[in-house]
Amino acid sequence: MKKIIKTFLLLLISVSLLNCASFSTKDFKNDYTTIDNKNLDSFNGKFTFSPIKKFDKKNEHSNIETSKKYINSYNYITTESLKFENIDSIINGLVNYHIELKISNNTQLNVELFRNNYSIKKQQIKGELKKDGMFYLDNKYLKCTGIPYLFGGCNNNKRRIAISKNNNLIINEAVDNTGAFLFLFWAGPSYNGIYEFKRLD
């Protein structure tokens, strides 16, 4: 019986390691600047709420206007979902939102959301500046349903930020969804979402 339990635990750990969202730089590896402790303040500044570009070499003609209805810089950094009465008024510039970033050190990022230049939300997010010159946000998300790898699955995602060659903000989200029924696995949507947000100052 102990042998069966040990085998089960070993399989569970092995599959858990496989079920991990992975970052990829292939769509923007030539578009970002490497940040280190000397130029850490490059992350500081004001940036647009809506993306101006989507990095996706497989679909180079993807419609950025459609993405603006679902993607915003505040949510992508903080993972906090925001509800709006009329998203079109934001997209059309009738209501102006933007974010402001201020990095305290190589482990802490301050994020502030503004509506028509009035501050409405603030958050502090822990993270880590890594050797690749990007700041990895410590707000990973993991949610499992049922009994993972037996009768259920897991969804997880994580995010990092970078500064583009033209001094804008790049946010990269890695997502992985995996489910199973009695160790028969299937893969849900797994992807990297990469968006650029324009610097305002």
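A residue is called buried when its relative accessible area is under 20%, exposed when it is over 50%, and partly exposed in between (1.4 Å probe, protein chains only). By that scale Lys121, at 29% relative accessibility, is partly exposed. The model is predicted: local features need pLDDT of at least 70, side-chain atom pairs count only at pLDDT 80 or more, and totals for chains, interfaces and linings use all residues. Residues are numbered from 1 along each chain as its sequence is written, and side-chain values use heavy atoms, with hydrogens and water left out.

Side chains of opposite charge can pair when their charged atoms come close. A salt bridge here is a side-chain nitrogen of Lys or Arg within 4 Å of a carboxyl oxygen of Asp or Glu. The count by this rule is 4 salt bridges. Helices (H or I, at least four residues) and strands (E, at least two) are DSSP runs, numbered from the N terminus.

**Glu80 and Lys121**

- Glu80 and Lys121 form a salt bridge in which the closest N and O atoms are 2.8 Å apart.
- This pair links distant parts of the chain, 41 residues apart: Glu80 is in the loop between α3 (73–78) and α4 (87–91), and Lys121 is in strand β6 (residues 118–129).
- Glu80 has a relative accessible area of 23%, so it counts as partly exposed.

**Lys122 and Glu112**

- Between Lys122 and Glu112 there is a salt bridge, with 4.0 Å separating the closest N and O atoms.
- Because Lys122 lies in strand β6 and Glu112 in strand β5 (residues 108–115), the pair ties together parts that are 10 residues apart in sequence.
- Lys122 is exposed at 62% relative accessibility, whereas Glu112 is buried at 18%.

**Arg159 and Glu173**

- A salt bridge joins the side chains of Arg159 and Glu173, at 2.6 Å from N to O.
- Arg159 is in strand β9 (residues 151–164) and Glu173 in strand β10 (residues 169–181), so the pair ties together parts that are 14 residues apart in sequence.
- Arg159 is buried, with a relative accessible area of 6%, and Glu173 is buried at 6% relative accessibility.

**Other partners of Arg159**

- The side chain of Arg159 reaches the backbone oxygen of Tyr76 at 2.7 Å, a polar contact (a pair of N or O atoms within 3.5 Å; within protein, one must be able to donate a hydrogen and the other to accept it, and residues adjacent in sequence count only if both atoms are side-chain atoms).
- Not counting residues up to four places away in sequence, Arg159 touches several residues, including Phe23, Tyr136, Leu137 and Asn172; contact means heavy atoms within 4.5 Å.
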